[in-house]
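Here is a friendly walk through one protein chain, meant to be read with the viewer open. Take a look at the structure first, and then follow along.

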Amino acid sequence: MTTKLITSDQQLRRYLPNAFDTVEGETTFHEKILPWLDQAERWVMTQFIGDDFAPELLAMEETEPLRTCATLVVVHEAFMRAVPSLDLVLTPNGFGIVSNQNIAPASPHRISRLLGSLETSRDIAIEQLIHNLFLNSSWSASPKRQWFSATLFPNIDLANLCGFTEHRWANYLGLRSKAIEVEQRLAEEYISSEQLAVFRSEVMSAFTDISVATSHHTRVIEQLRQIVVTALQGNQVPIQSLRDIVDLMRKNETSFPHFSNSNTYKLFEPPVFENKKRANGYWF
């Protein structure tokens, strides 16, 4: 069993420095958690990187920010998976695997705190990883980008916006699917699916230094994001805000051509009265 991001005990300790040294002849830290490192690396590659971009990531120097973030996610995820199966001791200076029977393992409370700390660190690394991935032009052309760009909220800060400061990745997964449903409903009833696709693309461009959104688009995108968050928090959708968005787009049709040419736009066109002699109420 081998891993590609973390290949040695020395390398592993650079990412988790507060760990006991192993003595000569003892199984290394890296060897003890290798199965979980393998699982975590496979998870990161599947969830975030993708097969197409993996070779380029692995070819990067270890100090490259994108690779560093990916490695941090792997290390913290691996330890989260490994902790329940390891005998650990916690000290003010860090933690290590128990190798002396005279040392008592960490208490369940401390283990719980350790798992929480590892998850928080992992989620911070995930947020940085996603941001750095969007900055990479090669990854931006990969299928994995499509998964994150399927909403106006491509990163896990959506969890923060909805009031979740813990378990952010887990909360993001649940919130993301609900956000997509809310966005689609708003598209069908107010802004059109065509215009929503443009807005989502422009949110992606905001991760780079070359944002393509106009001032009108930026304003509407921010309003839509606020409306979606309001809905996700279980509050009533502000209909007047949506009407204001539609009014803005109708008054600036050249800035919103996808909306102006959509079937949704017709929902806001007043019916045209056709004068027919046979109809009741025919006017001369």
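## Around arginine 122

Leaving aside residues up to four places away in sequence, arginine 122 touches Trp43, Val73, His76, Glu77, Met80 and Trp169. This is a predicted model, so please read every contact here as a computed one. Arginine 122 sits in helix 6, which covers residues 108–135. Is arginine 122 buried or exposed? Its relative accessibility is 6%, and because buried means under 20%, arginine 122 counts as buried.

## The chain as a whole

Stepping back, the protein chain holds 15 helices and 2 strands. Of its 284 residues, 44% are buried. If you take the contacts between residues at least 6 apart in sequence, 64% of them join residues at least 24 apart.

## The nonpolar core

The largest nonpolar core contains 78 residues. Which residues have the most contacts inside it? They are Phe48, Ile49, Leu129, Leu158, Ile191, Phe199 and Leu224. Helix 5 (residues 65–82) gives the most to this core, contributing 10 residues.

Not counting residues up to four places away in sequence, leucine 129 touches Phe48, Ile49, Leu66, Cys69, Ala70 and Val73. Val73 is also on the list of residues touched by arginine 122.

## Helix 10 against helix 11

Next, have a look at helix 10 (residues 168–191) and helix 11 (residues 193–205), which pack with their axes 8 Å apart and at an angle of about 130°. That angle makes helix 10 oblique to helix 11. The residues that make the contact are set out below.

| Helix | Residues in the contact |
|---|---|
| Helix 10 | Ile180, Glu183, Gln184, Ala187 and Ile191 |
| Helix 11 | Ser193, Gln195, Leu196, Phe199 and Arg200 |

Sorted by class, this contact has 5 nonpolar, 3 polar and 2 charged residues. Ile191 of helix 10 and Phe199 of helix 11 both take part in it, and Ile191 and Phe199 are also among the residues with the most contacts inside the largest nonpolar core.

## A polar contact at asparagine 252

Finally, where is asparagine 252 placed? Asparagine 252 lies in the loop between helix 13 (239–251) and helix 14 (257–260). The side chain of asparagine 252 forms a polar contact of 3.2 Å with the side chain of histidine 216. These two residues are 36 residues apart along the chain, and their C-alpha atoms are separated by 8.5 Å.

Terms used: Residues numbered from 1 in each chain as written. Predicted model: local features only at pLDDT ≥ 70, side-chain atom pairs only at ≥ 80, totals over all residues. Heavy atoms only, no water. Helix = DSSP H or I, 4+ residues; strand = E, 2+ residues; numbered from the N terminus. Polar contact = N/O pair within 3.5 Å; in protein donor to acceptor, adjacent residues only side chain to side chain. Axes fitted to C-alpha atoms, helices over the stretch in contact; angles between N-to-C directions. Parallel < 35°, antiparallel > 145°, perpendicular 65-115°, else oblique. Contact = heavy atoms within 4.5 Å. Nonpolar A, V, L, I, M, F, W, Y, C, P; charged D, E, K, R; others polar. Core = buried A, V, L, I, M, F, W, Y, C linked by side-chain atoms within 4.5 Å. Buried < 20%, exposed > 50% of the residue type's maximum accessible area, 1.4 Å probe, protein only.
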